[in-house]
Amino acid sequence: MTGPRAPRGIDVGGVDRRAFLRVVSAGVAGLCAGGTGPFAAPDAPTPGRADAFRFAVIADAHLSVDPRNDRAEKALLRAVADVNAMDPQPDFVVFGGDLARDGRKDALAFGARILKAVKAPVRMVVGDHDRHLDGGVAWRALFGDDAYAWTHKGVRFVVVNGVRRVGEGASSATRDGAIQGPLHADDRRWAAFEVGEEGRARLAAHLSGVTKETPVVVLSHGPLYKLHRGWNLWTEDAETVQAILAPFDRVTVVHAHAHQPLAHRIGRIDFHGMLATAFPLPRPPEGVPPLTFPIDRPNPFNPADGCGIGWVRIAADGTADVTHAWWNREPTTVTGRRMRSGGVEDPPPRARRSSY
Amino acid sequence: MATKACLIAVSIVVGVSATQWPTGAGADAETRRAFPSIPKPHDNRDVVVDGNSTAPGSYGGYSATDVAAWERETYKLVLEGARVFHDANAIGSGIGMSCGTCHPDGAGTHPETYPKYQVQIGRAALLRDMIDWCSRQSARGAALGADDPRTRALEAYLTAQRQGATIRYGKH
């Protein structure tokens, strides 16, 4: 037996060894077949007209290495198997952040190993849980810079760190170790998220020289708009960030963190919240943007319900259709046409069991 | 600010397992800071009977001190519930998940719909049955019996969070 092995000290054997081996083997096969592989280095900006293509999104895995967290682990393995089974294959897969439950190094490394099984290249976005213990040191050691950009088939992709905390400091590197304490979305002692001055400057730099006709996709863990401060579905410097994006004709922000589909449009910027793999979260009591379609309340007795993966199809004109591929439901697609029409076109299916 | 710095310092010294706020003295104050929107119990000053009152005193004439004590004790139980609700260690979660991880501010727990028949449990369930189920199944934590102080506190917190909701028992 010469197959891939789990990282030392991480027992996958008692959890779901077969699924682990299946996805890891698939990843190795993908690499041997000449794929660019996961965590590929971003390429240089070459703005132009888009060719239609699709990228997949996996987010909010909340892994730990404790075998009792097997549910989160199996969910991520399932997500990886799902994107590997996509036909045609997505051009790349975005991991939208919160790979680790509490930012521990071993959990991040475990997640990295699972994600290496993704056949398509993987682009990583940092989440608040990933940075929880050390401000992102372990995450960056595994995945590199948390803010970067590349151009793919005429579309400019920019990744931002949308989960810095207000008051964290000019550079997270100077504050490493400072992010401690209980991590609950509803804990009002936490400062709100922000992209921050440095992050905004980097976002602007990554968009400099990009023509306004070029479709832009921004990838962030935090929402980049203000939804519900009480649960930290909130980006404190959202308006300033949006001002950087405002000159462009077609901007799509793909974010995670909310563990549920959300849809919002501010000016010409579309915002899409994506599904989590680990667990769903309830609808926030306020601030749900009007373009968000109603969903059936997840069934707690089915851990897969309310979870899933997603993908984004970019048309030749840069229009983004976002699909939420629920694991326990029919997929829901939020079309770019719906977003532009203010919710008039392409109505989504009706929900039967709304939130309390 | 000093408290926050102190919390951080404590967390750094004792490591990951100490990433919850302290129990005992000071816990309630810290919980109030973390969750300032938890509603206060019903204002019962209208049952106070004093020399100037014409209230019927159906309870037999309680003083303002009595009523203040009721509020203090009730609110204390609710705050303890909020603390337990947001403390993975308190429910023995093996995976760092507290109740609040999936239910911020108690959302999606809808205590006003119990009792209701839960097909998956095979009986008419009370809120405490779901608290126990969630602790074991979702948080991979302890079994929480009906008389467990944690169960009682959690029930108090969840009920408080739904102040004003209409009771619709049996609703799915």
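When I speak of a salt bridge today, I mean a side-chain nitrogen of Lys or Arg within 4 Å of a carboxyl oxygen of Asp or Glu. With that in mind, and remembering throughout that what you see above is a predicted model, let me begin where the two chains meet, since between chain A and chain B the count is three salt bridges. One of them is formed by the side chains of Arg189(A) and Glu30(B), with a distance of 2.7 Å from N to O.

Across the interface of chain A and chain B, 13 residue pairs are found in polar contact, both residues of each pair being at pLDDT 80 or more. If we then look at the side of chain A that touches chain B and sort its residues by class, we find 11 nonpolar, six polar and 11 charged. The contact as a whole draws 28 residues from chain A and 43 residues from chain B.

For chain A and chain B, the area buried between them is about 3000 Å², and 59% of it falls on carbon and sulfur atoms.

Let me turn now from the interface to the cavities. Taken by class, the lining of the largest cavity divides into 11 nonpolar, nine polar and four charged residues.

Finally, I would like to point out a few places in the backbone. As background, most residues other than glycine have a negative phi, and most peptide bonds are trans. In chain A, however, Asp87(A) and Pro88(A) are joined by a cis peptide bond, with omega about 5°, and Pro88(A) sits in the loop between helix H2 (70-85) and strand S2 (93-95) of that chain. Chain B also has a cis peptide bond, between Tyr114(B) and Pro115(B), where omega is about 0°; Pro115(B) lies in the loop between helix H4 (99-102) and strand S1 (116-118) of chain B. And back in chain A, His62(A), although not a glycine, has a positive phi of about 50°, and the loop that holds His62(A) runs between strand S1 (53-58) and H2 of chain A.

Note on methods: Residues are numbered from 1 along each chain as its sequence is written. Chains are lettered from A and ligands numbered from 1 in the order in which they are written. This is a predicted model: local features need pLDDT of at least 70, side-chain atom pairs count only at pLDDT 80 or more; totals for chains, interfaces and linings use all residues. Side-chain values use heavy atoms; hydrogens and water are left out. Ala, Val, Leu, Ile, Met, Phe, Trp, Tyr, Cys and Pro count as nonpolar, Asp, Glu, Lys and Arg as charged, and the others, Gly among them, as polar. Contact means heavy atoms within 4.5 Å. Buried area is the accessible area (1.4 Å probe) that two parts lose on being put together, summed over both. A polar contact is a pair of N or O atoms within 3.5 Å; within protein, one must be able to donate a hydrogen and the other to accept it, and residues adjacent in sequence count only if both atoms are side-chain atoms. Helices (H or I, at least four residues) and strands (E, at least two) are DSSP runs, numbered from the N terminus.
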